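Subject: Structure handover

Hello,

Here is the structure I said I would pass on. My notes on it follow below.

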Amino acid sequence: MKSPICSRPLSTPTTRRDFLCGLTASLGSLAMTSMLAKDYPSSLLKASATEQGPLWPKEPMLPAKAKSVIMLFMEGAPGHMDTFDPKPELQRLHKQESTLAKEGDPFKFFVGSPFGSRKVGQSGLDMCDQWQYIADPEVADEFCNYRGCQAESVNHPEALYHMNTGSRLGSDPALGAWTTYGLGSMNQNLPGYVVMTELAMPQGGAGNWSNGFLPAHYQGTRLRPEGSPILDLKSQPNKTRDHQRRALDELAFLNQRHADRHPEHKDLAARMESYELAYRMQTEVPDVIDLKSEPEYIREMYGMNDKETAVFGRQCLMARRLVEEGTRFVQIFTGGWDSHDYLEEGHSSRIRSVDRGMAALIKDLKQRGMLDETLVIWTGEFGRTPDNNKRGGVYSLGRDHNAEAMTMMLAGGGVKKGTIVGATDELGKSAVDVVHPIRDLHVTLLHLLGLDDNKLTYLHGGRYKQMSQFGGQLIRELIA
């Protein structure tokens, strides 16, 4: 292969790094491969990228119930007893001295929920009275309420990293990255993993959707919350598509020549692919993100004509369109749930902002026949305590962070609908039934997508790593 500009022979001295990299083609490496083959399935020794590209669709390892995921992340951690896990005993103890305080702690008192609760739908799921749209039986009966999950950290960035990547350190691949690594993307003209945020990034920033030690192809692509979701979707006026194509071809030649000399530099291959993906995205993304093409009744259903619900509703509608067009994993972050005080004002406002879009998403997916193959998850990074500190002699009506109990809602994608799985104690302090750590939740979500956590591995740092860090159990009670 020759370039009209670059035609010099590749005749540079071999460096020590090149020599060490070249050992992978030696007889020693063949012997090592032979030994590894006895301990690992042959599928683990195959290259992650096919001839068609690293994001080309791959066959699932197991019978898959879900093809894609939409995760609605309530950053800051909603109070489970104030949303989907009511506690009558806690209401009775409101403002009484807490018996949960440890010796030496400041005075703590119990905080009853400021909201009423009722059972909705034929399934009788519990919801606080602030939920209106998802309380519609058509929507409510699609949900599975899981109450048995436990986190490990009560520090927001660590807990966010843990829920999103399986690691509290924030340096590992996100769930969306593992998903696209294992399954690829169903549309090569769109990112396989898309993230939407508010103007303020979630705590921990882009580490929540990082590719970690996986190749850079699998990092989440963030859509901007204002203006054009992706910059430079249109070519410059003075450049035609043909001009742009020829420029990319020349750049690809130069990059490939360098990549051939340094095969150990995997990031270069990912960068080359990102240029090509960006070129292809210019033809398809504008249509996907142009919500004006949606009929007015759909825009109204998602609450896009209401200032309070427009942002989240727009993101939910865009998530549906992206999944419909083949994006594998979509994540929406919305903050403001960290209610240490002013619990009633904070949670009621946050619930109103997401209720309509969330319900519309379920209805829309269901009407289009997509819900069975799309796993929708509503969660935060941990739960809240049933008590709070009394500050300066004043009752602070809010809640502290709680890693021992939380609630999450799941719909579609092979989960048991219209069910409550697990339980917390009578005050909501700890999970007491169907109790599982976050790694088990991750193993279960991957299983629903047809991926085996024990086989979905990547060689890094001298060992095969996996999403769960060191293995986990299926939460079989969640699976239909």
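Lys119 and Asp126 form a salt bridge, with their closest N and O atoms 2.8 Å apart; the term stands for a side-chain nitrogen of Lys or Arg within 4 Å of a carboxyl oxygen of Asp or Glu. Lys119 is exposed, at 59% relative accessible area, whereas Asp126 is buried, at 11%. Buried here means under 20% relative accessible area, exposed means over 50%, and partly exposed covers what is in between (1.4 Å probe, protein chains only).

This is a predicted model, in which local features need pLDDT of at least 70 and side-chain atom pairs count only at pLDDT 80 or more, while totals for chains, interfaces and linings use all residues. Residues are numbered from 1 along each chain as its sequence is written, and side-chain values use heavy atoms, with hydrogens and water left out.

By the rule above, the salt bridges number 25. In another of them, Lys417 pairs with Glu142, the closest N and O atoms being 3.8 Å apart. Lys417 is in the loop between strands S15 (408-411) and S16 (419-421), and Glu142 is in the loop between helix H4 (137-140) and S5, so the pair ties together parts 275 residues apart in sequence. Helices (H or I, at least four residues) and strands (E, at least two) are DSSP runs, numbered from the N terminus. Lys417 is exposed, at 51%; Glu142 is buried, at 8%.

On the nonpolar side, a core is a set of buried Ala, Val, Leu, Ile, Met, Phe, Trp, Tyr and Cys residues joined through side-chain atoms within 4.5 Å. The largest has 52 residues, of which Tyr146, Trp178, Leu214, Leu375 and Met408 touch the most other members. Helix H12 (residues 438-448) gives this core its largest share, 6 residues. A second, separate core has 46 residues, among them Leu72, Val323, Met370 and Leu371.

Thr179 sits in helix H6 (residues 175-183) and is buried, at 0% relative accessible area. Its side chain reaches the backbone oxygen of Leu175 at 2.8 Å. Beyond its neighbours within four places in sequence, Thr179 is in contact (heavy atoms within 4.5 Å) with Gly184, Arg328, Phe329, Leu446, Leu449 and Leu451.

Helix H5 (residues 156-165) has 8 of its 10 residues buried, so it is largely enclosed by the rest of the structure. Gly166, which follows H5, has a positive phi, near 85 degrees.

Ser430 lies in the loop between strands S17 (423-424) and S18 (431-433), and is buried at 15% relative accessibility. Its side chain makes a polar contact of 2.6 Å with that of Glu404. Such a contact is a pair of N or O atoms within 3.5 Å; within protein, one must be able to donate a hydrogen and the other to accept it, and residues adjacent in sequence count only if both atoms are side-chain atoms.

The structure holds 0 disulfides (pairs of cysteine sulfur atoms within 2.5 Å).

Regards
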